[in-house]
Amino acid sequence: MAGTGKAHLRDGDAVLRVEDLVMEFPVGRTGLKVNAVSGISLDVLRGETLGLVGESGCGKSTTGRSVMQLPRPTSGSVVFEGQELTALQGGAMREARTRMQMIFQDPISSLNPRRKVRDIVMEPLNIWKRGSSAERAKVVDAVLEDVGIDPQRAAESQPHQFSGGQCQRISIARSLVLDPTLIICDEPVSALDVSVQAQVINLLEELKARYGLTLVFIAHDLAVVKNVSDRVAVMYLGKICEVASSDDLYARPSHPYTKVLIDSIPVPDPMAELHHSDIVGEPPSPVLPPPGCRFNTRCPNADDLCRTDEPQLRDLGGGHFVACHHPLETPVSLTGTVSSN
Amino acid sequence: MRYVSQRLLQFFVVFIVVTFIVMVATRIGSADPVRDLAGGAVSDQQIARVLNDYPYLDQSLFLQYPQWLLDFVTGNLGYSYTQSQSGLAMFQQRLPPTLFMGFWAIVIGLAIAVPVGVYSAYKRDGAFDRGASYTSFAFISMPPLVIAVALLFLVVTRTSLFPTVGGSSYIAPWDSPWGHFRNFFIPSLALGLGLAAVWSRFLRADMNLTLQSDFIMLAKAKGVSPARVLWRHALRSSVLSLITSVALQVSALIGGAVVVEQFFGPRGIGDRLVFAIQQNDILIIQAITAVLVVGVVLANLIVDLLYAVVDPRIRHARKLG
Amino acid sequence: MSGLQTDARQSTGPLLEITDLKTHFATERGLVRAVDGVTFTLERGKALGVVGESGSGKTVLSRTIMGLLTARGVELSGSVRFAGQEILGLKAKEMRHIWGREMAMIFQDPMSSLNPLMKIGRQIVEPLQIHLDMPSDDAKATAVRLMKDVRIPEAERRLEQYPHELSGGMRQRIMIAIALACGPTMLFADEPTTALDVTVQAQILDLIGEQRRDRNMSVILVTHDLGVVAGHTDEIAVMYGGRLVEKAPTKTLFANMKMPYTKSLLRSIPKLDEPSHTRLATIPGRPPDLVNPPKGCRFAPRCAYARDRCHEEEPVLEVAEHPEHVYRCFYPVGSAEFEERDEQVKAELAREAAAVRAAADQAAADSAHGDVPLAAQLMHGKDI
Ligand SMILES: Nc1ncnc2c1ncn2[C@@H]1O[C@H](COP(=O)(O)OP(=O)(O)OP(=O)(O)O)[C@@H](O)[C@H]1O
Ligand SMILES: Nc1ncnc2c1ncn2[C@@H]1O[C@H](COP(=O)(O)OP(=O)(O)OP(=O)(O)O)[C@@H](O)[C@H]1O
Ligand code: SF4
Ligand code: SF4
Ligand SMILES: [Mg+2]
Ligand SMILES: [Mg+2]
């Protein structure tokens, strides 16, 4: 199996457990395919926030969407609250989707422009015929209050009358009314100004605590991901490079790519030393990913082994896992060996 | 190239659907097609002759169609018993005037629309733009007949250069360039003005969008002269939508040609079509509409190919199939 | 105009002097005061970062200085002196000799800023032929050299390619090559890396910095990212609601911020060196409506430090301890009034953070399975 391994999966109360997820898209009729996600495994424990980071096109959104089975993955297993989603059909699938929700990057275009905001938030309850109409109204108003939108104004206004940050709050409210277990947030703050971004991040943290949510948080901004996540998975070209608790990952990046990513973040401090990164170029096309380690075309430490053998995720101890033949440092004692599935 | 084969398939589907509908319509419009073909109240002998030439005419429509199609593709374009002329001969005689008129109408239309559209977009909301806007709305709302009448009184009757109503006849440019011009200018202008009005609006709208795009701002910021920005950078990317609107107008052009040919001449296909309809000359109606469908679909096909010539991104996407 | 060209390279004094610059747009809603009285100077060879939230007027400011905003309904006033010569209000015909030759611009979106229908080579060669009258062969050779300067591999082959055949980072490099073609003295880079990945962003910012030093070129770097300007500029100008609210040499600014706005903006950014789940400071509300800006300080409706005076009277630009540090505030960072409020602000933030933790505990306690108080654990950090 050429996946990146499953050594990092845990035994705890996983709300979501993804194994060997593969998602491929055909390229026109050329017979070629985009290897958007190539055999990744993940788990998210109850109440945890899993951060997914990586550069554009590495397959973050595809991972998020294929968890929702939108569209169904090419292969692999997705177990959500003990249920294998890839086997679910029709009504059962629709029901499962109410327990996991998604929030998208572009807050304005993900809301129906013609409808009143309160109706947009109410809609999932109507579709699922939850409670009496009085009860629905109560839930919607409470949730709107929780996300900081005046229910009165929401009843009178359409999405375009709200700012980007407010629209994102509205999307969040809409995702909450069905009382989901899991919310997949796909770059929820990337389109927002930093001041508004902070508001939305704080809100997500509050709601997560209050509603007991489990989150998958997708973003390309590492500082944001670090702030909201308990555990972070770094992706590159459809594979997972490194998984660790968020503080540990940033303190001791072990995969060369993670290190480069962290060093590239511009720090708002002129006295901070500027890292002139030694990696060059851009990620190769996911249509023809390089053999061996997918990072080998840009990695300063790549050698022949990297160009032929795919590294498997291995345990560095303390919940820190890396898929690299030559990890940068070994944070704790190197307990695991190359895992074999 | 899968792309081309796909388009050709579409082409055939459209052709078959439209020609079949036309056939059904002609049969419905006539109580006794064979008698009508033979010229109305005529001898049984004449009718027998028609049936002898086209034995399928009294079969069911679904049996008629394949036989008609076979005739059409093998070059038997029907026969007009009232005119004693074969469809093929009729096309040889009548197609050139219509083609020339259509060609000159498009040339005139573009010659007016491109500079007007570009300049309107460049000086957006200026006096010229507003003037052009009113004028073109006037022309768009005027049927070709009204334009023809206006030209008659404003130009034809005031000069002695051009033949008057119904007077234009077909003279090939290689026989007499001046004669060709005299006979074709006014009818082509009557058609071309309407086209120019539509196209200049289209082009202006598209150029307005193009002129706001970042790459135009960048061209300007490079110090490229306004003329070069307009003609090399902006027009080129608006050409796609201009080509589209030219193709869209081909069918309108045919409608206009019918009217103008009858009004000024030269008598071409459009004129012949109207006459055939009046006479219930169903084989000729079928032949002409079939040729027109081929013409329109061909025009669209050419446009599609031109897209790829103009835009490398389309070329690239099509290569992927 | 040829006089100007020599001026820009040889004249002494600041390269750019902006005085009370205003750009207003007449719209159906009313007059949009996108840039409203901005004054600053920029020395040659220096890099100025312009930062601010979306809609604060950064793009309009840079385009106005460059003279690219001349459409109908645009009202310009004030003064823009470039190498000692007034250029505001010059006609496009007169500006053409400055554009590309003296001043060049890199746009935000490398996808939409190159002409999709023109080969890369032609787009680079164009300014060379226009301004330097280079014969075609020389221009091509220069284009290849420029592409090598911006580290585009296989430059010769790329001349014949179209923009869609290149990646985002490569296109941005092409944009830089075009901008540098005629050796401008002044480069405007409007969010040059916002559309790019962080690893590529680092490469592009390094490249711009390196070219600036090599060519002794001035750069105005427009961005919303305080991190980007911190490492790549000499000076920073902060914009808010069309106004310049603070300007200082980069190090001075970060060491001794005066504007509560700048401070709040910096505090709202998640930092890598803070532990995860650190509660972020926020700025409530959103930037002002530029048609009806608030009376008094434009930041007052959102400012945690505002007092009555702020809502009545607009502060003017004050000079701080450092003579090149100016700001627009009655109660700047460090003043007694600010510090007094800041205590409250920090206490409030701590209270909110505690409330979130308490809510997490509550949720955990409420949940039937008492065995997984994970949310609560995580909110408390790892110490439970
Ligand atoms: N429906 C699709 N058809 C074809 N290719 C697709 C499709 N969806 C995604 N891809 C490709 O799959 C790869 C991964 O895309 P994905 O959107 O998951 O990346 P991402 O990590 O979310 O990137 P970004 O940060 O840009 O959102 C990309 O190369 C993308 O072009
Ligand atoms: N042509 C125009 N007509 C009317 N208003 C305009 C025009 N161009 C810009 N504006 C307005 O001017 C204000 C400033 O816009 P500008 O693009 O300079 O903001 P910015 O600081 O660059 O923001 P961003 O970070 O989003 O790019 C905005 O409110 C914008 O809506
Ligand atoms: S496996 Fe090799 S190429 Fe891949 S990241 Fe590690 S050192 Fe680099
Ligand atoms: S003047 Fe008042 S409102 Fe404005 S920034 Fe200073 S303290 Fe805040
Ligand atoms: Mg994505
Ligand atoms: Mg901008």
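The legends below describe several close-up views of a predicted model.

The model is predicted, so local features need pLDDT of at least 70 and side-chain atom pairs count only at pLDDT 80 or more, while totals for chains, interfaces and linings use all residues. Residues are numbered from 1 along each chain as its sequence is written, chains are lettered from A and ligands numbered from 1 in the order in which they are written, and side-chain values use heavy atoms, with hydrogens and water left out.

**View 1. The shell of residues around ligand 1.**
Ligand 1 has 13 residues around it, and those that come nearest are Ser56(A), Gly57(A), Lys60(A), Ser61(A) and Thr62(A). A residue is near a molecule if one of its heavy atoms lies within 4 Å of it. By class, five residues of this shell are nonpolar, five are polar and three are charged. In this scheme Ala, Val, Leu, Ile, Met, Phe, Trp, Tyr, Cys and Pro count as nonpolar, Asp, Glu, Lys and Arg as charged, and the others, Gly among them, as polar. Strand 2 (33-45) and helix 1 (60-67) of chain A each supply at least two residues of the shell. Helix 1 of chain A gives the most, with three residues. Helices (H or I, at least four residues) and strands (E, at least two) are DSSP runs, numbered from the N terminus.

**View 2. Polar contacts of ligand 1 with Ser56(A), Cys58(A) and Thr62(A).**
A polar contact is a pair of N or O atoms within 3.5 Å; within protein, one must be able to donate a hydrogen and the other to accept it, and residues adjacent in sequence count only if both atoms are side-chain atoms. In the side chain of Ser56(A), an N or O atom is 2.6 Å from an oxygen atom of ligand 1. Cys58(A) takes part through its backbone, with an N or O atom 3.3 Å from an oxygen atom of the ligand. For Thr62(A), a polar side-chain atom lies 2.4 Å from an oxygen atom of ligand 1. On its own, ligand 1 has 630 Å² of accessible area, and the protein covers 64% of this. Accessible areas come from the Shrake-Rupley method with a 1.4 Å probe; for residues, only the protein chains shown count as cover.

**View 3. Helix 2 of chain A and what covers its buried residues.**
Met93(A), Ala96(A), Thr98(A) and Arg99(A) are buried in helix 2 of chain A. Buried means under 20% relative accessible area, exposed over 50%, and partly exposed in between (1.4 Å probe, protein chains only). The cover over these residues includes strand 4 (75-80), strand 5 (83-84), strand 6 (100-103) and strand 7 (182-186) of chain A. Contact means heavy atoms within 4.5 Å.

**View 4. Confidence along chain A.**
The pLDDT is the predictor's confidence in each residue, from 0 to 100. Chain A has a mean pLDDT of 87, and 94% of its residues reach 70 or more. Confidence is lowest in helix 2 (residues 90-99) of chain A, at a mean of 88, and highest in strand 3 (residues 49-53) of chain A, at 96. Over residues 331-341 of chain A the pLDDT is below 50, and this stretch has 22 contacts in the model beyond near neighbours in sequence. Where pLDDT is low, the predicted coordinates should not be read in detail.

**View 5. A cis peptide bond in chain A.**
Leu70(A) and Pro71(A) are joined by a cis peptide bond, with omega about -5°. Pro71(A) is found in the loop between helix 1 and strand 4 of chain A. Most peptide bonds are trans.

**View 6. Asp20(C) and Glu191(C), each with a positive phi.**
Most residues other than glycine have a negative phi. Asp20(C) is not a glycine but has a positive phi of about 45°. Asp20(C) lies in strand 1 (residues 16-27) of chain C and counts as partly exposed, at 39% relative accessibility. Glu191(C), which is not a glycine, has a positive phi of about 45°. Glu191(C) sits in the loop between strand 7 (186-190) and helix 8 (198-215) of chain C and is buried, with a relative accessible area of 8%.

**View 7. The shell of residues around ligand 4.**
Ligand 4 is surrounded by 13 residues, of which the closest are Cys297(C), Ala300(C), Cys303(C), Cys310(C) and Cys329(C). By class, the shell has 13 nonpolar, no polar and no charged residues.
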